[in-house]
Every structure is written in C-alpha cells, then in structure tokens.
Amino acid sequence: MPIELNPSQQELTARARNLAQSKFAQRAPEYDRAAAFPAEDFKDLFQAGLLALVVPPEHGGFGLGPYHGNVLTLWLVTKEIAKATLALTRCWEGHINSLVLLDGIANEEQKKRWFAGVVQNGEIWVAWSGEPQARASSEKLSFGTTTTKVEGG
C-alpha cells in the first residue's frame with residue numbers, strides 16, 4: 001500500500017530533492033576529495049528553510065521528528081539528501097539529532113535561545129561523533145576533526 005503524503009510533506013520532500021539534485025550532487029565530489037565540511041550546502045539548507053525542520057513550531061521551525069509525531073517527513077527529506085551525498089547526510093543527521101536532543105531535554109529559555117540561532121541565523125549544531133581519540137597502530141593516515149578559533153567564535 002503506497003503512503004499518501006499531504007501537501008506539506010510533498011512540498012518539503014520536493015524542496016530537498018531539488019536542492020540535492022541541483023546543488024548538492026555537483027558539489028559532493030569536491031567536498032569528498034578535499035575532506036571538507038559542506039558549508040555551502042548548509043547555507044542552501046538554511047536559505048531553503050530546511051535547517052530547522054525539527055525545531056518546534058512555537059520556536060519558528062516545522063516541528064518534524066519524534067516529539068511532534070512526524071518522523072516520516074524528516075526521513076523522506078533525509079533520504080533525498082542522501083541520494084546526492086552521503087557525507088552531507090551524515091553532517092545533516094548530526095545537526096538534526098542535536099536539535100532533537102535539545103527539544104527533548106532543554107528548558108524553555110534554552111530552547112528559545114538556541115533554536116532562534118538556527119531559525120534566524122542558520123546556526124549549525126553537531127552531535128558527538130565516533131571518531132577515535134588516538135590512531136590505531138594499523139592506520140596509515142590520520143583522521144579526525146580539528147577546530148580553529150575564528151573571530152566571533
């Protein structure tokens with residue numbers, strides 16, 4: 001039995017599909033070669049209104065996800081991004097998972113402050129990762145995240 005999507009679900013999924021096909025897929029090879037964070041892709045997600053999908057409506061988002069009873073649409077959007085680039089999708093999932101955690105455990109003052117940054121400024125959240133803290137003896141290359149302090153953050 002096919003799943004019937006309402007107009008909002010169809011529109012959000014189509015918006016993600018269009019971005020993925022028109023922009024993300026073309027950038028993915030270079031991001032992969034450079035092992036670079038897909039910053040342009042996140043700017044596009046913000047401009048398309050897709051960065052705050054799990055932010056509750058009372059804080060300016062769409063209210064998708066487990067606390068608001070709409071996991072299907074979130075999954076469909078994520079699936080469209082994954083068709084173009086798995087690397088972006090993993091970063092996207094970290095952002096979304098962080099916001100879901102905030103929705104579940106933050107108090108109202110924290111939600112107001114932190115969700116506003118995502119909705120209004122395109123701030124990106126990340127969750128912890130499974131990166132090793134030290135290289136294994138068998139590894140020939142060094143992998144991991146490095147951070148650089150920049151003006152304002």
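Colleague: With which side chain does the side chain of D41 make a polar contact?

Modeller: In this predicted model, the partner is the side chain of R27, at 2.6 Å. Because a polar contact requires N or O atoms within 3.5 Å, the value of 2.6 Å qualifies.

Colleague: Why is D41 called buried?

Modeller: D41 belongs to helix α2. Its relative accessibility is 1%, and buried means under 20%, so D41 counts as buried. Leaving aside neighbours within four places in sequence, D41 is in contact with F24, R27, Y31 and L88.

Colleague: What makes R27 and E40 a salt bridge?

Modeller: The N to O distance between their side chains is 3.9 Å. The cut-off is 4 Å between a side-chain nitrogen of Lys or Arg and a carboxyl oxygen of Asp or Glu, so the pair is a salt bridge. R27 lies in helix α1 and E40 in helix α2, so the pair ties together parts that are 13 residues apart in sequence. Side chains of opposite charge can pair when their charged atoms come close.

Colleague: How many salt bridges does the structure hold, and which pair links distant parts of the chain?

Modeller: The structure holds 11 salt bridges. One of them joins R17 and E80, whose closest N and O atoms are 3.4 Å apart. This pair links distant parts of the chain, with R17 in helix α1 and E80 in helix α3, 63 residues apart. E80, at 6%, is buried, whereas R17, at 29%, is partly exposed.

Colleague: Which residues have the most contacts inside the largest nonpolar core?

Modeller: They are L45, L50, L53 and W92, in a core of 26 residues. The elements that give two or more residues to this core are α1, α2, α3, α4 and α5, and α4 gives the most, with six. Beyond its neighbours within four places in sequence, W92 is in contact with residues including F42, L45, L74 and I81.

Colleague: What makes V54 a buried residue?

Modeller: V54 is found in the loop between α2 and α3. Its relative accessible area is 1%, under the limit of 20%, so V54 is buried. The C-alpha atoms of V54 and L64 are 4.5 Å apart, although 10 residues separate the pair in sequence.

Colleague: Why is V126 called exposed?

Modeller: V126 lies in the segment after α5. Its relative accessible area is 62%, and exposed means over 50%, so V126 is exposed. Together with F37 and I124, V126 forms a nonpolar surface patch of about 280 Å² accessible area.

Conventions: Residues numbered from 1 in each chain as written. Predicted model: local features only at pLDDT ≥ 70, side-chain atom pairs only at ≥ 80, totals over all residues. Heavy atoms only, no water. Core = buried A, V, L, I, M, F, W, Y, C linked by side-chain atoms within 4.5 Å. Buried < 20%, exposed > 50% of the residue type's maximum accessible area, 1.4 Å probe, protein only. Helix = DSSP H or I, 4+ residues; strand = E, 2+ residues; numbered from the N terminus. Contact = heavy atoms within 4.5 Å. Polar contact = N/O pair within 3.5 Å; in protein donor to acceptor, adjacent residues only side chain to side chain. Patch = residues over 30% accessible without salt bridge, like charges linked within 9 Å, V, L, I, M, F, W, Y side chains within 5 Å. Areas by Shrake-Rupley, 256 points an atom, 1.4 Å probe, with all protein chains shown as cover.
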